[in-house]
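Student: I would like a close look at one part of this model. Please take me through the place where the two chains meet, and start with what the record says.

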Amino acid sequence: MNMDVQEYLPFLIPLLLLQLVLTVTALVMIIRQQQFRYLNRVVWIIIVLVLNIIGPILYFVLERR
Amino acid sequence: MSQMLPLFKKELIESWRNFKFAAILIVFAIIGVLSPFTALILPDILGVVMDDSGVTVEIPESTALDSYMQFFSNMNQMGLVIFVIVFGSILTHEFSRNTLVNLVTKGLKRTNVIVVKALFLMLVWTVGYIVSALVAYVYTIYYWDESVNHLVLAFAMTWVYGLFIISIILLASTLFTNSFIAVLFSVVAVVIVMLMASIHPDVAEYLPQYLIGNNVVLLTGEIEAGEVLWPMIITAVLTLVLLSLTILRFKKVPMN
């Protein structure tokens, strides 16, 4: 199975990088944001960290209009 | 034209500040990487599961077709849904925050608002989709190096369908003004109506829905390129009609 991971790196590295950009941007925006329409800062951070892809998207849609 | 450029810039800046444009690009790129990846690892995963359950079945190696199949199923479902959720509020939030009132009363032509919004959504969709399709294509030719029929046309089918969805978003926005949820529901309603109508085989061949249901069939060569011509033309015409209706309706929308 270790062989396989090596083979899959060309896919895994871009996937991880893209997700990282999405998550980090959302986190930076959450930390900078003062007033929240829904929920609060801590809950949004948890949502963004736990739900990858969907979490940041939800944040951008609901809080950043 | 002098009104449209600043408006377009405003949309670009806005979508940069709230990161929606970049988010869509990233999500579409993820779909582009994920699809060939899924096609590649699916036989391995199945093999492990089969071994565990003691069944020995010959699992065929995945092909370029599997990769494109994954791409189209991801794009037509996840990609379009995320696009509608992220950009469905592009016009409704202007109503709910009354941001257009000042501009319109100061002489901004209402037609220009809709044209710019439509052009902007089409730009986002086109750029995102091209990125996604290119990524998927590059991975697929690198890992499989097989040719398929009418690849560009198959990619174009989903793209045209996306333009159609954009026109529904805008029309629904002008009908329900400040309710984003109503816009979401009307897109879903249109898709459901088309799905129900396509039960009848004669009608199915002419509906926009035909475009996102038959990408892979076109690639395998089961249908000819000519057969998707009519749904393509009909979808494009419908898109233009819906956009014209949007402009007509938007001129009558009360704003104060």
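Tutor: An unreviewed UniProt entry carries the annotation "transmembrane region" for residues 21–42, 75–93, 114–139, 151–172, 179–199 and 228–248 of chain B. That comes from the record; the coordinates come from a predicted model. Two of the spans can be set against those coordinates. Residues 21–42 of chain B are 100% helix and 0% strand. The end C-alpha atoms of that span are 31 Å apart. Residues 151–172 of chain B are likewise 100% helix, with 0% strand. Here the end C-alpha atoms lie 33 Å apart.

Now the interface. On the chain A side, 20 residues make contact, and they meet 23 residues of chain B. About 2100 Å² is buried between the two chains. Carbon and sulfur atoms give 81% of that area.

What about charge pairing? Between chain A and chain B the count is 0 salt bridges. Polar contacts number 2 residue pairs, both partners at pLDDT 80 or more.

Which elements of chain A build its side of the interface? Two helices, α1 (2–32) and α3 (54–63), each supply at least two residues. The most comes from α1(A), with 14 residues. By residue class, the side of chain A that touches chain B has 14 nonpolar, 2 polar and 4 charged residues.

Methods:
Residues are numbered from 1 along each chain as its sequence is written. Chains are lettered from A and ligands numbered from 1 in the order in which they are written. This is a predicted model: local features need pLDDT of at least 70, side-chain atom pairs count only at pLDDT 80 or more; totals for chains, interfaces and linings use all residues. Side-chain values use heavy atoms; hydrogens and water are left out. Contact means heavy atoms within 4.5 Å. Buried area is the accessible area (1.4 Å probe) that two parts lose on being put together, summed over both. A salt bridge is a side-chain nitrogen of Lys or Arg within 4 Å of a carboxyl oxygen of Asp or Glu. A polar contact is a pair of N or O atoms within 3.5 Å; within protein, one must be able to donate a hydrogen and the other to accept it, and residues adjacent in sequence count only if both atoms are side-chain atoms. Helices (H or I, at least four residues) and strands (E, at least two) are DSSP runs, numbered from the N terminus. Ala, Val, Leu, Ile, Met, Phe, Trp, Tyr, Cys and Pro count as nonpolar, Asp, Glu, Lys and Arg as charged, and the others, Gly among them, as polar. UniProt positions are given in the numbering used here, feature names are shortened, and annotations may be inferred rather than shown by experiment.
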